[in-house]
Amino acid sequence: MTTANEKAIAKYKNDFLREVEANVEDGHWVKMCMQCGVCAGSCPLGPHWEHSPQKIFMMIRAGKREEVLKSDSMWMCTSCYNCIVRCPRKLPITHIMHGLANYAHRLGLAPQGQPTREIAKLFWDNLIKTGRVNELKFSLAMYFKDGFSQGIKNAMAMQSIGLGLMKAKRLNPLELFGGHACKDKSGIQKMIAKAREIEDRRRGLA
Amino acid sequence: MSKKQYAFYPGCSSQAKASADNFLRSIEVVKEKLDIQLNEIPDWNCCGASIGYGEGGELPRLALSARNLALAETNFAGQDMVSVCPACWLASRETAERLSENSSLLAECNEALKEAGLTFKGEVKARHFVEVLIEDIGWEKMKEPVVKPLEGLKFAGYVGCQTNRPFGIAGESFENPKYLDKMIETCGGEAVKYDQKVTCCGGALAFSEPEKAQKQIRDIVESAYDHGADMIVTPCQLCQANVEIYQSEINKKQGTKFNMPVVYYSQLMTVAYGGTAEQAGLDGQLIKAEKLEKIAGK
């Protein structure tokens with residue numbers, strides 16, 4: 001069976017820019033970057049990006065497909081939107097970074113174990129279950145993502161904060177047994193499945 | 001006087017006993033004094049927040065917000081939809097704008113919404129509660145109910161990211177928005193100069209990249225101390241949680257002695273309007289805002 005990644009390589013050959021334009025959220029903006037570097041200098045996590053958005057845009061145009069999609073750079077985005085409001089060409093940079101991260105994740109190319117990639121998945125799976133985020137189950141899922149003993153260590157380290165939040169009525173232990181939920185859970189799940197099906201078809205991921 | 005009516009989208013963090021439980025309690029007095037009625041959208045769902053993109057992609061994420069918008073249109077026709085959480089507001093407004101500008105995206109979204117028995121017409125406007133206060137109520141009216149001006153209290157107005165970017169409040173600059181300082185002053189407090197006003201707290205990366213996010217939080221807290229603030233004030237639920245909760249972690253790791261309260265603008269307003277500490281949700285602080293409690297107790 002050919003993977004979605006192999007299909008994309010066969011379809012777009014060496015034209016990675018065309019692939020990004022077709023399959024990445026707001027990807028059609030990439031060609032508009034004029035390489036001024038304001039985004040690189042505006043990012044709060046700037047020093048931690050292996051390649052700044054400015055570089056990522058040039059790498060896309062240079063066809064560096066593997067380097068871009070396997071990079072953990074996009075996963076450094078905190079969604080602060082500083083790059084968007086400062087970009088002189090008005091590129092929706094935050095959206096493009098989110099889009100690239102999602103595309104790399106869905107193709108299976110994003111770095112394994114990248115912590116933001118992992119918690120993004122945990123968060124989405126959590127909210128889709130009931131239609132609303134269960135903060136307690138999300139926290140526990142994060143602590144225990146690297147196994148049981150590491151989970152106990154993580155939970156112990158955060159114990160005093162957890163107890164403080166409970167005392168302040170901002171964390172409810174009963175959320176473990178249900179908690180807040182939408183009534184039309186199944187409608188929401190069907191809606192999300194349909195939206196994903198449409199998007200996957202459009203992006204050749206189906 | 002008849003109350004101003006809005007379709008209300010509280011969001012996950014503002015639910016009872018969730019991380020911003022005290023925020024939702026703190027707007028009760030504000031609503032009452034300013035004749036605002038918030039009509040909760042029945043069966044609203046999570047907006048996907050800023051981290052939803054990783055697994056959720058574009059269309060599933062837009063569909064989540066479109067469902068809320070469609071429910072608002074159906075149940076409270078003619079009313080603006082109001083969020084109190086910046087992430088909820090950003091997702092809803094982005095969805096409303098993108099779907100109204102792009103008919104093929106709207107068609108795809110409605111195909112998905114049909115599975116939940118809904119259609120989004122694209123009529124409702126997604127707004128933030130701060131916009132309601134500034135644009136619909138106005139500064140004069142906001143000042144009228146003040147009976148206990150917060151005299152002698154110094155606040156660092158921390159706007160953060162998503163209330164400010166990419167949309168922001170009309171007429172404000174992205175680099176130095178003034179409205180939060182003006183809200184502090186309207187309540188009779190002093191807004192100190194504060195150079196970390198629009199710095200990112202790390203957002204969801206506070207969970208996945210704690211070291212990197214805690215560097216941001218340290219800057220935000222340190223600057224409040226440097227400028228002589230008694231406490232930090234913010235309009236954002238995630239900023240509040242991150243900046244308050246992780247101070248003890250930073251103290252443990254870096255030997256600092258941070259103990260800076262982080263409160264919401266609505267808590268200032270409630271106290272200034274004569275509400276009790278409990279009505280202001282001050283019992284929900286991990287780091288007690290003692291000076292504010294003292295005024296509330298007078």
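**Entry 1: a term, then a pairing**

I count two strands as paired when DSSP finds at least two bridges between them. With that in mind I looked up Phe155(B) in this predicted model, and I found that its bridge partner in E7(B) is Met231(B). The strands concerned, E5(B) and strand E7 (residues 231-234) of chain B, pair in the parallel sense over three bridges.

I then turned to the other neighbour of E5(B). Strand E5 (residues 154-157) of chain B is joined by two bridges to strand E6 (residues 190-191) of chain B, and these two strands run parallel. In E6(B), Ala191(B) stands opposite Phe155(B), while Glu190(B) stands opposite Lys154(B).

**Entry 2: the loop between E5 and H8**

In the loop between E5 and H8 of chain B I stopped at Pro166(B). The peptide bond that leads from Arg165(B) to Pro166(B) is cis, with omega near 0°. I wrote this down as an exception, because most peptide bonds are trans.

**Entry 3: chain B in outline**

Stepping back, I counted 14 helices and eight strands in chain B. The radius of gyration of chain B is 19 Å, close to the 19 Å that the globule rule gives for 298 residues, so chain B is as compact as a globular protein of that length. Taken along the principal axes, the C-alpha atoms of chain B fill a box of roughly 55 × 50 × 35 Å.

I then asked what share of the 298 residues in chain B is buried, and the value is 61%. Of the contacts in chain B with a separation of 6 or more, 76% are between residues 24 or more positions apart.

**Entry 4: the nonpolar cores**

How many residues does the largest nonpolar core have? I noted 125 residues, and those with the most contacts inside this core are Ala63(B), Leu113(B), Val233(B) and Leu268(B). Helix H3 (residues 59-75) of chain B gives the most to this core, with nine residues.

**Entry 5: where the two chains meet**

The contact between the chains takes 51 residues from chain A and 52 residues from chain B. Several helices of chain A give two or more residues to the side that touches chain B, among them helix H7 (93-107), helix H8 (115-130) and helix H12 (185-203). H12(A) gives the most to this side, with 10 residues. By class, the side of chain A that touches chain B has 24 nonpolar, 14 polar and 13 charged residues.

**Entry 6: two residues of chain A with positive phi**

Most residues other than glycine have a negative phi, so I noted the following two. Asp26(A) is not a glycine, yet it has a positive phi of about 60°. Asp26(A) has its place in the loop between helix H2 (16-23) and helix H3 (38-42) of chain A. Is Asp26(A) buried or exposed? I take Asp26(A) as buried, because it has 20 C-beta neighbours inside 10 Å, and 20 or more is the cut-off.

Lys169(A), also not a glycine, has a positive phi of about 60°, and its place is in the loop between H11 and H12 of chain A. With 16 other C-beta atoms within 10 Å, Lys169(A) is partly exposed.

**Entry 7: a residue of H11(A)**

Last, I looked up Gln159(A), which is found in helix H11 of chain A. Gln159(A) is exposed, because 10 other C-beta atoms lie within 10 Å. The C-alpha atom of Gln159(A) is separated by 39 Å from that of Ala195(A), which is 36 residues apart from it along the chain.

Notes:
Residues are numbered from 1 along each chain as its sequence is written. Chains are lettered from A and ligands numbered from 1 in the order in which they are written. This is a predicted model: local features need pLDDT of at least 70, side-chain atom pairs count only at pLDDT 80 or more; totals for chains, interfaces and linings use all residues. Helices (H or I, at least four residues) and strands (E, at least two) are DSSP runs, numbered from the N terminus. The radius of gyration is taken over C-alpha atoms; the globule rule is 2.2 Å times the number of residues to the power 0.38. A residue is buried if 20 or more other C-beta atoms lie within 10 Å of its own, exposed if 12 or fewer, and partly exposed in between; C-beta atoms are placed from the backbone. Two residues are in contact if their C-beta atoms, placed from the backbone, lie within 7 Å. A nonpolar core is a set of buried Ala, Val, Leu, Ile, Met, Phe, Trp, Tyr and Cys residues joined through C-beta atoms within 7 Å. Ala, Val, Leu, Ile, Met, Phe, Trp, Tyr, Cys and Pro count as nonpolar, Asp, Glu, Lys and Arg as charged, and the others, Gly among them, as polar.
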